[in-house]
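Colleague: I'm new to this one. Could you put it on screen and walk me through it?

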Amino acid sequence: MADHERDPSAPPRRYVLTGAPGAGKTTIAHRLRARGYTVIDEAATDVIARLQAGGEAEPWTRPGFVEEILRTQEQRRRAADASGAVVQIYDRSPLCTLALARYLRHPVPAALTAAIDRITREDVYQQVFLIRPIGFVTPTEARRITFEESLAFARVHEQVYRDHGYELIDVPPSPIEQRVAAIEHHIRSGVPSAAEG
């Protein structure tokens, strides 16, 4: 069976792309989708865009911002599971949302703690790919962060995953097709390297 085929009876194999803002995660995710994989888009960017369209200039300062991201992530996870996709590639996960909460110094809501407890208990993710920075950040309405700030933010992500038992697979800066091929090689190899406890 090809990795991107659907089989509702097979347990899903979930993978995460994480790292610094602007490191190329979403570009990689789009290339993987073009190759036929089920890719679950990053929730935070979409939540920010929706709230900004509603008139909030800096929605990351609002109470409930972290919960809104988590709700969106959970809706997308359930939809991916319902689709029967065997391989699911996530552009960020609730562990990234925990990193965001810590970076923004927001309280960690009980729902996020519960989601992460479930992720850890059920070994939800097969592998986590740490997408290394490419040397700059292109600002957007949703990404108002300097390159130096993005590096600090990336370190928080890395620490959160390591604290939860994940061995991160390093994806260094290189031409996009090389990065995509390296990730696809790991996915196809089926070698587990997710949380061990």
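**Strands, helices and side-chain pairs**

Colleague: Which residue stands opposite Ile89 in β3?

Modeller: Val39 stands opposite Ile89 there. Strands here are DSSP runs (E, at least two residues), and helices are DSSP runs too (H or I, at least four residues), all numbered from the N terminus.

Colleague: What should I know before I read on?

Modeller: This is a predicted model, where local features need pLDDT of at least 70 and side-chain atom pairs count only at pLDDT 80 or more, while totals for chains, interfaces and linings use all residues. Residues are numbered from 1 along each chain as its sequence is written, and side-chain values use heavy atoms, with hydrogens and water left out.

Colleague: Back to the strands. How many bridges join β2 to β3?

Modeller: 3 bridges join β2, residues 38–40, to β3, and the two run parallel. Two strands pair if DSSP finds at least two bridges between them.

Colleague: And how do β1 and β3 pair?

Modeller: In the parallel sense, over 5 bridges. Arg14 stands opposite Gln88 in β3.

Colleague: Is β3 buried or exposed?

Modeller: Buried. 5 of the 5 residues of β3, residues 87–91, are buried, so the strand is largely enclosed by the rest of the structure. Buried means under 20% relative accessible area, exposed means over 50%, and partly exposed is in between (1.4 Å probe, protein chains only).

Colleague: Which residues sit on which side?

Modeller: Val87, Ile89 and Asp91 are on one side, with Gln88 and Tyr90 on the other. Both faces are covered. In a regular strand the side chains alternate between the two faces of the sheet.

Colleague: New topic. How many aromatic pairs does the structure hold?

Modeller: It holds 4. In one of them, the rings of Tyr90 and Tyr125 have centres 6.0 Å apart and planes at 70°, so the pair is edge-to-face. The rule takes rings of Phe, Tyr and Trp (its six-membered ring) with centres within 6.5 Å; planes under 30 degrees apart are stacked, over 60 edge-to-face, and the rest tilted.

Colleague: Now α4. How many of its residues are buried?

Modeller: 8 of the 11 residues of α4, residues 94–104, are buried, so the helix is largely enclosed by the rest of the structure. Among them are Pro94, Leu95 and Cys96.

Colleague: What do they pack against?

Modeller: β1, α3, α5, β4 and α6. Contact means heavy atoms within 4.5 Å.

Colleague: What happens at the start of α4?

Modeller: A side-chain oxygen of Ser93 reaches to within 3.1 Å of the backbone nitrogen of Leu95. Just after α4, Arg105 takes a positive phi of about 60°.

Colleague: How many salt bridges are there?

Modeller: The count comes to 18. A salt bridge is a side-chain nitrogen of Lys or Arg within 4 Å of a carboxyl oxygen of Asp or Glu.

Colleague: Let's start with Arg14. Which side chain does it meet?

Modeller: Asp81, at 2.9 Å from N to O. The pair links distant parts of the chain: Arg14 is in β1 and Asp81 in α3, 67 residues apart. Arg14 is buried at 11% relative accessibility, whereas Asp81 is partly exposed at 27%.

Colleague: And Glu177, which partner does that one have?

Modeller: Arg31, at 2.3 Å from N to O. Glu177 lies in α7 and Arg31 in α1, so the pair ties together parts that are 146 residues apart in sequence. Glu177 is partly exposed at 38%, and Arg31 is partly exposed at 32%.

Colleague: What about Arg132?

Modeller: Arg132 forms a salt bridge with Glu158, the closest N and O atoms being 3.6 Å apart. Elsewhere, salt bridges that share partners join Arg14, Glu74, Arg77, Asp81, Arg118 and Glu122 into one network.

Colleague: Last one. Where is Glu68 found?

Modeller: In α3. Glu68 is buried, at 17% relative accessibility. Leaving aside its neighbours within four places in sequence, Glu68 is in contact with Val47 and Arg50.

Terms used:
Polar contact = N/O pair within 3.5 Å; in protein donor to acceptor, adjacent residues only side chain to side chain.
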